[in-house]
Amino acid sequence: MDRFVELENIRKHFDTKKGRFVALQDVNLTIRQGEFVSLIGHSGCGKSTVLNIIAGLLDPSDGIALCNGREIDGPGPERAVVFQNHSLLPWLTCYGNILLAVERVFGAKESKLQLAARTEEALALVGLQHARDKHPHEISGGMKQRVGIARALAMEPKVLLMDEPFGALDALTRANLQDEMVKIVEKTGSTVVMVTHDVDEAVLLSDRIVMMTNGPAATVGEILSVDLPRPRNRLALASDPAYHACRSAVLDFLYQKHKREAA
Amino acid sequence: MTVAKPVAANMPLPRRRKPVSPVARLAATPVLAPVVPLLRAVVPPLLGLLAFLLLWTLVSQLSRGSLPGPVSTWASARELFADPFYQNGPNDQGIGWNILMSLGRVGMGFGMAALVGIPLGFLIGRFDFLARMTAPVISLLRPVSPLAWLPIGLLVFKAASPASIWVIFISSIWPMILNTAAGVRAVPQDYLNVARVLRLSEWKVFTVILLPATLPHMLTGVRLAVGTAWLVIVAAEMLTGGVGLGFWVWDEWNNLNVEHILIAIFVVGLVGLLLEQALVWLARKASFGQEN
């Protein structure tokens, strides 16, 4: 399906004490089913706002947002979100956090046993069976983020939305999780929209990179197709000229064409 | 996050000697090493108590016996606690009964305040309209001394014991309402976004997110409420009479038995401390590693 997620002339403004702030203007974007799209831009460019509009957590002020041919009306489990700061409930174990989502999505149709199996499967997908009964405060930041990803994937969403999923992690953990994400996406074939400000991450993971201009009234500046073959390997890519071409295209956009004045 | 300074590893240590405290010197001897943390924990409070006893003795000496010293108070306390549960008529009962009666009243008033205050706090925290609606009344009534409510209680209930329970109720309801409401308002938006993405039912939102997220705040309210309730009960019972610590204090004042008054002060303090500690412990259990 070629027009799985569709944003048409999206505009979003926020009414603040200092008056109206236009965050997004004329945002047009279509995402194919099974595609991995990254939104990249300087901070404050409204990339998270775009993601939240697809998630349904924010309503566009103007324009149309469609998913699977239907207008997006509020959030829902078919558009699962991996939040920037994991957002696990601290009083539930890793297992409990995932089960909460699984129960909500599949609880009406499936037996307790099947739900438990789905939960275990999700934990296994991110390699966290050993942390099954731990609470979020007992595990590392990277592990929490993995549980967040497992929770989102366990919902079998039509679209997986990730808001800077690895932003709060140290470089090594981030690289590990990116590699895992590459494998998971290849295995599940999910449609993914990811907000990031990490150029390497965007190139490594994406089929297309949507580069956004600086706000206010930010919009889609350029879209870069990343035609690198999959499965992708971090080490092999390091010496691949095509990889570097993609990388410099994004860097060029961010630091030449739309350089942000130092605040 | 603590990061060890890499400098210390390969640089010569400064020559200047720091003065070594006696405790640190003790810690250096291997046999005593495990005892040191214990000493550190126990010695300062013991010294504090000792200083207090000394001061007390001094004041009692200076007062030429009108204020009993620690020794005579201790003797009197041993006598009193030898038979804590005797009953010689309605106005002369053992210290145990007095404590239990006071605790019972606090429990009743406090329990009812929790039953009313916590749900009310949830509603006020969840619905802004309700918060604005109740704000003027709560702000007006909250600073009123709980004892001012005693005559109303006596008027309505026509009996001493329910009137003091009423006073406890009114004094402990405010912290529970306000802290629960603040707790509900402080539930992180992230958790609520999770609920929105999952489209959880209102009931599930309450049981899985609001209630556990609010629990630490709620328990703070409960702790403050118990503290106030225990402060107020002594005063209320002084005014109403019957059996209870407050009444006992007043009775012993009429008997000019100052030792017993001092004992009552210690008992009130000790019970208050235990209540507080129990709730602090409970709050820690309920915090799930969240900062509170």
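Trainee: Which residues touch the most other members of the largest nonpolar core?

Mentor: Keep in mind that this is a predicted model. The largest nonpolar core holds 133 residues, and helix 10 of chain B gives the most to this core, with 17 residues. In general, nonpolar side chains in soluble globular proteins tend to be buried together. The members that touch the most others are A:Ile54, A:Ile98, A:Ala150, A:Leu161, A:Val193 and A:Val250.

Trainee: With which residues is A:Ile54 in contact, leaving aside its neighbours within four places in sequence?

Mentor: A:Ile54 is one of the core members that touch the most others. Once neighbours within four places in sequence are set aside, its partners are A:Val5, A:Ala65, A:Ile72, A:Arg79, A:Val159, A:Leu161 and A:Val193.

Trainee: How are helix 2 and helix 4 of chain A placed, roughly parallel or roughly perpendicular?

Mentor: Helix 2 (residues 94-106) and helix 4 (residues 141-154) of chain A pack at an angle of about 25°, with their axes 8 Å apart. Their crossing is right-handed. Angles under 35 degrees count as roughly parallel, so helix 2 and helix 4 of chain A are roughly parallel.

Trainee: Which residues of helix 4 of chain A meet helix 2 of chain A?

Mentor: From helix 2 of chain A come A:Cys94, A:Asn97, A:Ile98, A:Ala101 and A:Val102. The residues of this contact divide into 7 nonpolar, 1 polar and 1 charged. On the side of helix 4 of chain A, the residues are A:Val147, A:Ala150, A:Arg151 and A:Ala154.

Trainee: Is A:Glu156 buried or partly exposed?

Mentor: You will find A:Glu156 in the loop between helix 4 and strand 7 (159-163) of chain A. Its phi is near 45°, a positive value in a residue other than glycine. Because A:Glu156 has 17 C-beta neighbours inside 10 Å, A:Glu156 counts as partly exposed.

Trainee: What is the phi of A:Ala217?

Mentor: A:Ala217 sits in the loop between strand 9 (208-212) and strand 10 of chain A. With 16 other C-beta atoms within 10 Å, A:Ala217 is partly exposed. A:Ala217 is not a glycine, yet its phi is positive, at about 55°.

Trainee: Which two residues are joined by a cis peptide bond?

Mentor: Look at the loop between strand 10 (220-225) and helix 7 (234-237) of chain A, where A:Pro231 lies. Omega is about -5° at the cis bond, which joins A:Arg230 and A:Pro231.

Trainee: Now for chain B: how many helices does the secondary structure of chain B have?

Mentor: Read along the sequence, chain B follows the pattern α-α-α-α-α-α-α-α-α-α-α-α. Of its 292 residues, 30% count as buried. Among contacts in chain B between residues at least 6 apart in sequence, 68% join residues at least 24 apart. The secondary structure has 0 strands, and the number of helices is 12.

Trainee: How do helix 5 and helix 8 of chain B lie, roughly parallel or oblique?

Mentor: Helix 5 (residues 95-126) and helix 8 (residues 160-185) of chain B pack with their axes 6 Å apart, at an angle of about 30°. The residues of their contact divide into 20 nonpolar, 10 polar and 3 charged. Helix 5 passes helix 8 in a right-handed crossing. The angle is under 35 degrees, so helix 5 and helix 8 of chain B are roughly parallel.

Trainee: And helix 5 and helix 11 of chain B, roughly parallel or oblique?

Mentor: Helix 5 and helix 11 (residues 245-254) of chain B pack at an angle of about 135°, with their axes 8 Å apart. B:Asn98, B:Ile99 and B:Ser102 of helix 5 make the contact with B:Leu245, B:Gly246 and B:Trp248 of helix 11. These residues divide into 3 nonpolar, 3 polar and no charged. Because of the angle, helix 5 and helix 11 of chain B are oblique to each other.

Trainee: Which helix of chain B gives the most to the side that touches chain A?

Mentor: Here 15 residues of chain B are in contact with 18 residues of chain A. Helix 9 (189-198) and helix 10 (202-240) of chain B are the elements that give two or more residues to that side of chain B. The residues of this side divide into 9 nonpolar, 3 polar and 3 charged. With 7 residues, the element of chain B that gives the most is helix 9.

Terms used
Residues are numbered from 1 along each chain as its sequence is written. Chains are lettered from A and ligands numbered from 1 in the order in which they are written. This is a predicted model: local features need pLDDT of at least 70, side-chain atom pairs count only at pLDDT 80 or more; totals for chains, interfaces and linings use all residues. Two residues are in contact if their C-beta atoms, placed from the backbone, lie within 7 Å. Helices (H or I, at least four residues) and strands (E, at least two) are DSSP runs, numbered from the N terminus. Ala, Val, Leu, Ile, Met, Phe, Trp, Tyr, Cys and Pro count as nonpolar, Asp, Glu, Lys and Arg as charged, and the others, Gly among them, as polar. A nonpolar core is a set of buried Ala, Val, Leu, Ile, Met, Phe, Trp, Tyr and Cys residues joined through C-beta atoms within 7 Å. A residue is buried if 20 or more other C-beta atoms lie within 10 Å of its own, exposed if 12 or fewer, and partly exposed in between; C-beta atoms are placed from the backbone. Axes are lines fitted to C-alpha atoms, for helices over the stretch in contact, and angles run from 0 to 180 degrees between N-to-C directions. Angles under 35 degrees count as roughly parallel, over 145 as roughly antiparallel, 65 to 115 as roughly perpendicular and the rest as oblique. A crossing is left-handed if the near helix is turned anticlockwise from the far one by less than a right angle, and right-handed if clockwise.
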